[in-house]
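Please read it alongside the sequence and the structure shown here.

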Amino acid sequence: MSFRALRGLVSLLLQLPIALISGGELSCQPVSGCRCEGSGFQLDIGGLFSYPVTIMAGVQNFSFSPCEGLRCTGSQPAAMCQIYSATSLNNCGKTSMSVWSVSSLNPLSFVVTYNGGDPIATTGTNRYSVVTFTSTPDPNSKFSFESFGGSTTPMYTFSIQGQAVSSARIQPKDVRGIVGIILICLTISGVIAYFAGGSVALYNRGARGQEMIPHVTFWKDLPFLIKDGIRFTILLLYSGIQLCCRRYYDKL
């Protein structure tokens, strides 16, 4: 089995219990407004399109920029900006307040909610945007404004569909680093247990001083054994080189 196949299997095993617990949805912790990390996978929408993306909605437009954000109003970058005119702008959700929910990795389908937008004047309730990304075979990406919940529920819903969505970078986490750390920890723990446990056992048998070191004779001889091994290896290589040169010389 190749490493890529093994990595895919590990990723699948990591996702399975989460999917069973959450009813099929995979949680993904936000790293930024355009990237999240789940258990065994990552999503990154930063390279999907050339941001900001304009979404037409009648007399108003929306500008979507989840990575760098937009300066609609206030100091916090907006992931979604509502534009009526050059002077009439509303922050409809901040890049720093994203919530990710993944319903399917194949085909890719996930929802990103951007909270903390400007409040509605009449109710004081903060605006927020819900963007649904769906991978489809269509090579042309479709950006659409779906609905607005109203002043009591100021939720703006959007849909982004197309083949480009599938290129959101689903990167299984590299388990090699984790495995390496585990092996190092196990090795160190084993060495400590070997010397500590062996010393206690020998002490209980009456050993004192250097005699408490497990297999002390072996450890004393180890430098000389290593030296002999190096000498033997060099001698073996030298003999091999001599043999090859002699055969080549005889052919001449």
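In this predicted model, strands E4, E5, E6 and E7 form an open sheet in that order, with antiparallel pairing. E4 and E7 (89-91) are the edge strands, each pairing on one side only. From one strand to the next, the twist averages 25°.

**Pairing within the open sheet**
- E4 and E5 are joined by 5 bridges and pair in the antiparallel sense.
- Within this pair, Met56 has Asn61 in E5 as its bridge partner.
- As a general point, the strands of a sheet pair through backbone hydrogen bonds, in either a parallel or an antiparallel manner.

**Pairing around E10**
- E10 pairs with E9 in the antiparallel sense, over 6 bridges.
- Ser109 is placed opposite Thr134 of E10.
- E10 is also joined to E12, by 8 bridges, and these two strands run parallel.
- Opposite Phe133 stands Ile160, a residue of E12.

**The largest nonpolar core**
- The largest nonpolar core holds 32 residues, and the members that touch the most others are Ile45, Phe64, Phe110 and Phe133.
- At least two residues of this core come from each of the strands E1 (26-32), E4 (53-57), E5 (60-64), E8 (98-105), E9 (108-114), E10 (128-135) and E12 (155-162).
- E9 supplies the largest share, with 4 residues.
- In soluble globular proteins, nonpolar side chains tend to be buried together.

**Contacts of Phe64**
- Leaving aside residues up to four places away in sequence, Phe64 touches Tyr51, Pro52, Val53, Leu70, Ala79, Met80, Tyr114, Val131, Phe133 and Ile160.

**The chain as a whole**
- The secondary structure of the chain consists of 3 helices and 12 strands.
- Of its 252 residues, 29% count as buried.
- Where contacting residues of the chain lie at least 6 apart in sequence, 46% of the contacts join residues at least 24 apart.
- The chain has an accessible surface of about 15600 Å², and carbon and sulfur atoms account for 63% of this area.

Technical notes: Residues numbered from 1 in each chain as written. Predicted model: local features only at pLDDT ≥ 70, side-chain atom pairs only at ≥ 80, totals over all residues. Heavy atoms only, no water. Core = buried A, V, L, I, M, F, W, Y, C linked by side-chain atoms within 4.5 Å. Buried < 20%, exposed > 50% of the residue type's maximum accessible area, 1.4 Å probe, protein only. Contact = heavy atoms within 4.5 Å. Pairing = 2+ DSSP bridges. Areas by Shrake-Rupley, 256 points an atom, 1.4 Å probe, with all protein chains shown as cover. Axes fitted to C-alpha atoms, helices over the stretch in contact; angles between N-to-C directions.
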